[in-house]
Amino acid sequence: MAGTDKTRGVPEGADFGQGPAVILVAPQLGENIGACARAMLNCGLIEMRLVAPRDGWPNPKATAMASGADVVLERAQVFETTAEATADLDYVLATTARPRDMVKAVLTPRAAAAECRSRIAGGGRPGILFGGERSGLVNEDVVLSDAVVQVPLNPSFSSLNLAQAVLLMGYEWFQSGSDTPAVAVPGSDSPATVEQREFFFTRFEAALEESGFLFPPELAPTIKRNLRNLFNRAGLTDQEVRTLHGVVKSLRGR
């Protein structure tokens, strides 16, 4: 989705603070590396490590595909082996969709993000391994990890491309430290108070009485209750209540 607002984000080149290192093992296409960089910066991650990229490094195709996430590519480190890329880390997660003949804890992306955040808070240095496009991580890579991350997807079709996997893990990482409300109403108007709503309902119901809408009389309480529920479900703002007052005034004037 488009919609970057550069006036709200951290300036390019600034430090987002510690996050898990994103380690791409044997990535093939520069375009995929660039797409991963873009996904990382979307989620506030800037530490990329590359293990034996097939087409060498730096790669101009990665820059083109990163769509402005140059800060990630400029900081990228290149290693010959996965062991070298993870040597300074104290907690390593391996992303894989295939079960392995190893006894390791299996985490969901959400649980993995929470674990990384907890370890960073305690002074740790976590990292997340992502395999190459063709075959993913090999056993020699997975054995270096402390735990495995598996995404609960369609079991008959659970493979993700490289950038999708990075974005999914990055999103869970970002959300684990975000206080964004699950539901928000755009705009600056504050929600209407109960007192404001009740004052409107009183005027509205009086107008309905005058117009003869509340008929027959024995059904009036039910009609009023239904209308109140309708407006309350809408989550009216104070501005919207003022507008409704204007509607009632106009209708009563006629």
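**View 1. Ala52, a partly exposed residue in a predicted model.** With a relative accessible area of 40%, Ala52 is partly exposed (buried is under 20%, exposed over 50% and partly exposed in between, with a 1.4 Å probe and protein chains only). Ala52 has a positive phi of about 45° although it is not a glycine, and it is found in the loop between strand 2 and helix 2 (DSSP runs numbered from the N terminus, helices being H or I of at least four residues and strands E of at least two). The model is predicted, so that local features need pLDDT of at least 70 and side-chain atom pairs count only at pLDDT 80 or more, while totals for chains, interfaces and linings use all residues. Residues are numbered from 1 along each chain as its sequence is written, and side-chain values use heavy atoms, without hydrogens and water.

**View 2. Ala26 in its loop.** Ala26, found in the loop between strand 1 (21-25) and helix 1 (30-42), is not a glycine, yet has a positive phi of about 55°. Ala26 counts as partly exposed, at 37% relative accessibility.

**View 3. Two cis peptide bonds.** Trp57 and Pro58 are joined by a cis peptide bond with omega of about 5°, and Pro58 has its place in the loop between strand 2 (48-51) and helix 2 (60-66). The peptide bond from Phe215 to Pro216 is also cis, with omega near 0°, and Pro216 is found in the loop between helix 8 (194-211) and helix 9 (220-233).
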